[in-house]
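This report walks through the arrangement of one structure for a reader who is meeting it for the first time. Please keep the sequence and the 3D view at hand while reading.

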Amino acid sequence: MHKIGKQTICFDNPPSILEAASIVGPKEADGPMASYFDKCLEDEFWGEKSWEKAESKIIKETVNLVVAKSNLATSDIDYVFAGDLLNQCISSDFGLRESNIPYFGVFGACSTFTESMCIGSVFVEANGAKNVICATSSHFCSAEKQFRFPLELGTQRPPTAQWTVTGSGAVILSQTGQGPYITNITPGKIVDMGVKDANNMGAAMAPAALDTLITHFQDTGRKPSYYDAIITGDLGHVGKEILAEMAQSKGYNINSNYNDCGVLMFDKEKQDTHAGGSGCACIATVFSGYFFKQLKDKKMKRILLIATGALMNSTSMQQGESIPGIAHAISIEI
Amino acid sequence: MEQINTQKQYDKLVKEKSPNSPILRDCFNAFWVGGLICSIGQIILDFCIFKGMDATLASTVVSIALIAISALLTSLNIFNRIGKFAGAGTLIPITGFANSIVSPAIEYKSEGYVMGVGGKMFTVAGPVLVFGISTSIIVGIIASIF
């Protein structure tokens, strides 16, 4: 591998995405993407006593599922890179404590999925590992509890608010395999444009996505039209529109091939999800469920996956801090 | 479109792209649901007085009844739906106060009865209690002087 441009790594022996798996909650199962997921849960508890335990179970079962689908044994997996939104990444920690696989806890808020894939692919390409798992999870109820109000509180959500996706997505990156391959990664910088509204995360993260997107094009010399699809993680309806417009003003027209997983996940009108989906699982499940299969079936040949994260917690919000955003891009090609 | 370079320019773009809450519809729904809750309170009050209670006891019964109904609806996952529709209409009357105490009690039960239910029960209603009681004390002192 070698570095190109300001912050992009180009792989000489691109790691292959061997397999992907996704499990989602009941609301996601009512949405337009439902048929693509491996498993849809009937309720948010999944037989557990708390939201947190349920989220741990979801990531645990998703990791088990991706290993089973790949026909590898757990002992063939060298490392797992995983993270989530709960304090100190407890969903991943607890979900994977019995996995017996060396574990890296990764935090990049909702950008964790591509962040773990960035790190995982470097491990694989550098011959530090033959197979690694990258996984993330989020849960609507546990996220609401940690970041906002109790679920039963009778409040109104503003139209810019987003709905945390319940679910988990996991992929196996491997030295062997027939692709799709991770050819380039562009890890992003922290970008803060001063947005303080925790109910408008899309707007807080869009400048970071723009920065990573433009840097990726500059570093690789590619144009937006190089990709069949440019996919952001969870900018939602508001952030998606902001990103498309700002990219256009900088001379990059992405209108024809750009979409956002938060927009794809729910039917805004029927499901009352306001500005769309969010959370670590948003891009993880939509990629694992939908885009991975599109690449496998050769319906798409090149996609740019950009997971976006809002780097804040409830203390920073109460202290009046703004919300720094981050976005990591990976290009996946067959 | 002009280039966005400063936070101020970006803030302007965000405001332009972010849809606003439907204020008129929200106010209308808050008005009639809030009015309905107060009417229910009045019906209970009149009924209690009709049954021979004095005014003080009757108004206490009204508060207890509305709190009990709100607590029950909160635990049945119904109150949050009404609250989502009516906003301040359910938040301002005593119903909102009951909901703000019962909902964290349910949510934090998983952290145990002492530090979970007991410790977190007033996380939402706490500020209302602190500033409500403080204001009552100040008003009481002023009233006793004059």
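In this predicted model, the C-alpha centres of domain 1 and domain 2 of chain A lie 17 Å apart, where domain 1 covers residues 2-174 and domain 2 covers residues 181-333. On each side of the boundary between them, 60 residues take part: 60 of domain 1 of chain A are in contact with 60 of domain 2 of chain A. Several elements of chain A give two or more residues to the domain 1 side, including the strands β3 (16-24), β7 (131-138) and β9 (167-174) and the helices α4 (112-125) and α5 (140-147). The largest share of that side, 7 residues, comes from α4(A).

Chain B meets chain A as well, with 33 residues of chain B in contact with 27 residues of chain A. On the chain B side, the elements that give two or more residues are α1 (7-17), α4 (79-86), α5 (88-91) and α6 (94-107) of chain B, and α6(B) provides the largest share, 7 residues. The make-up of the two sides described here is set out below.

As for A:Leu305, when its neighbours within four places in sequence are left aside, its contacts are A:Thr114, A:Ile231, A:Phe287, A:Ala329, A:Ile330 and A:Ile332.

Taken as a whole, chain A has 11 helices and 15 strands. Its radius of gyration is 18 Å, close to the 20 Å that the globule rule gives for 334 residues, so chain A is as compact as a globular protein of that length. The C-alpha trace of chain A spans about 55 × 50 × 35 Å along its principal axes, and buried residues make up 57% of the 334 residues in the chain. Among contacts in chain A between residues at least 6 apart in sequence, 79% join residues at least 24 apart.

Key
Residues numbered from 1 in each chain as written. Chains lettered and ligands numbered in written order. Predicted model: local features only at pLDDT ≥ 70, side-chain atom pairs only at ≥ 80, totals over all residues. Domains from an automatic or database assignment. Contact = placed C-beta atoms within 7 Å. Helix = DSSP H or I, 4+ residues; strand = E, 2+ residues; numbered from the N terminus. Rg over C-alpha atoms; globule rule 2.2 N^0.38 Å. Buried ≥ 20, exposed ≤ 12 C-beta atoms within 10 Å, placed from the backbone.
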